[in-house]
Amino acid sequence: MSDLHADLQALTRTHREEHGCGAQTFSDGASLTELVARLRPQRILELGTGLGYTACCLASGWKYAHIDTIEGDTLHVTLAREQIAKRKLGGQITVIHGLFATELPKLGSVYDLVFFDGYVPDRPTILMLRDRLRTGGTLVCANLDLTAGSGAMELMNELSDPMYWRRDGVLEAGATVILTKI
Ligand SMILES: C[S@@+](CC[C@H](N)C(=O)[O-])C[C@H]1O[C@@H](n2cnc3c(N)ncnc32)[C@H](O)[C@@H]1O
């Protein structure tokens with residue numbers, strides 16, 4: 001499958017150089033589109049909107065999927081909303097402006113798929129996401145290559161715990177893992 005939003009990925013890379021921020025864009029959005037096309041999750045949660053590239057990739061996988069995506073940077077929120085509207089995906093994507101720790105507890109729904117792409121993942125955040133995911137739902141956790149030290153060990157112990165997770169694959173040469181909540 002080709003990347004339907006490659007232009008937005010390129011725009012995000014340019015923005016990152018100019019803004020000097022950490023909005024490193026996901027390298028393989030087409031794989032997210034394919035995953036959603038295969039699993040058909042109705043309710044998707046994303047942490048780390050950036051300029052909206054991955055939210056648009058997720059939305060393009062299935063027209064009945066709805067994505068709530070959380071972003072803390074005001075400029076990113078503005079640019080993401082513009083891009084989402086331009087692609088006519090506003091009916092499928094809600095950009096929530098705020099910090100993960102503040103916004104996650106406010107969410108009413110349980111999700112079928114959760115995508116973490118907000119800098120370095122840690123165990124406390126993954127535990128919050130586990131709570132928001134239905135049993136049998138999918139967690140896609142990016143940026144594992146950014147973890148280090150004891151935090152990395154705690155995170156790996158959580159993600160490889162067979163009580164809670166089954167590993168279903170990797171993306172980005174292993175930097176992103178796909179897990180099913182059991
Ligand atoms: C790696 S970028 C997301 C890139 C986007 N998914 C893409 O592929 O283009 C991470 C984003 O998460 C946001 N972020 C990081 N930590 C956050 C937090 N604790 N609360 C809210 N947003 C956060 C950053 O502002 C940044 O835009």
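**Burial, pairing and ring geometry**

Me: Where is H15 found?
Reply: H15 is found in helix 1. Helices (H or I, at least four residues) and strands (E, at least two) are DSSP runs numbered from the N terminus. This is a predicted model, in which local features need pLDDT of at least 70 and side-chain atom pairs count only at pLDDT 80 or more, while totals for chains, interfaces and linings use all residues. Residues are numbered from 1 along each chain as its sequence is written, and side-chain values use heavy atoms, with hydrogens and water left out.

Me: Why is H15 called buried?
Reply: Buried means under 20% relative accessible area, exposed over 50%, and partly exposed in between, with a 1.4 Å probe and protein chains only. H15 has a relative accessible area of 9%, so H15 is buried.

Me: Which residues is H15 in contact with, leaving aside neighbours within four places in sequence?
Reply: H15 is in contact with G20, C21, L51, L75, H76 and L79. Contact means heavy atoms within 4.5 Å.

Me: What makes a set of residues a nonpolar core?
Reply: The residues must be buried Ala, Val, Leu, Ile, Met, Phe, Trp, Tyr or Cys, joined through side-chain atoms within 4.5 Å. The largest such core here has 28 residues, and I93, F115 and V140 have the most contacts inside it. Helix 2 (29-39), helix 3 (53-59), helix 4 (74-86), strand 3 (93-97) and strand 4 (111-116) each supply at least two residues. Helix 3 gives the most, six residues. A second, separate core of 20 residues includes L47, L104, L107 and L159.

Me: How do you know that I93 is buried, and what does I93 touch?
Reply: I93, in strand 3, has a relative accessible area of 6% and therefore counts as buried. Not counting residues up to four places away in sequence, I93 touches A55, C56, A59, H66, I67, T69 and I84. The C-alpha atoms of I93 and C56 are separated by 7.9 Å, although these residues are 37 residues apart along the chain.

Me: What makes strand 3 an edge strand?
Reply: Two strands pair if DSSP finds at least two bridges between them. Seven strands form an open sheet in the order 3-2-1-4-5-7-6, with mixed pairing. Strand 3 and strand 6 (165-171) each have a single partner strand, so one side of each has no neighbour in the sheet. Strand 2 (residues 66-71) and strand 3 pair in the parallel sense over five bridges, and D68 stands opposite T94 in strand 3.

Me: Why is the pair of F26 and F115 called edge-to-face?
Reply: Rings of Phe, Tyr and Trp (its six-membered ring) pair if their centres lie within 6.5 Å; planes under 30 degrees apart count as stacked, over 60 as edge-to-face and the rest as tilted. F26 and F115 have ring centres 5.3 Å apart and planes at 85°, so the pair is edge-to-face. F26 is buried at 2% relative accessibility, and F115 is buried at 0%.

Me: How do you know that the charged end of R130 sits over the ring of Y164?
Reply: A charge sits over a ring if NZ of Lys or CZ of Arg is within 6 Å of the ring centre and within 35 degrees of the ring normal. The charged end of R130 is 3.5 Å from the centre of the Y164 ring and sits over that ring.
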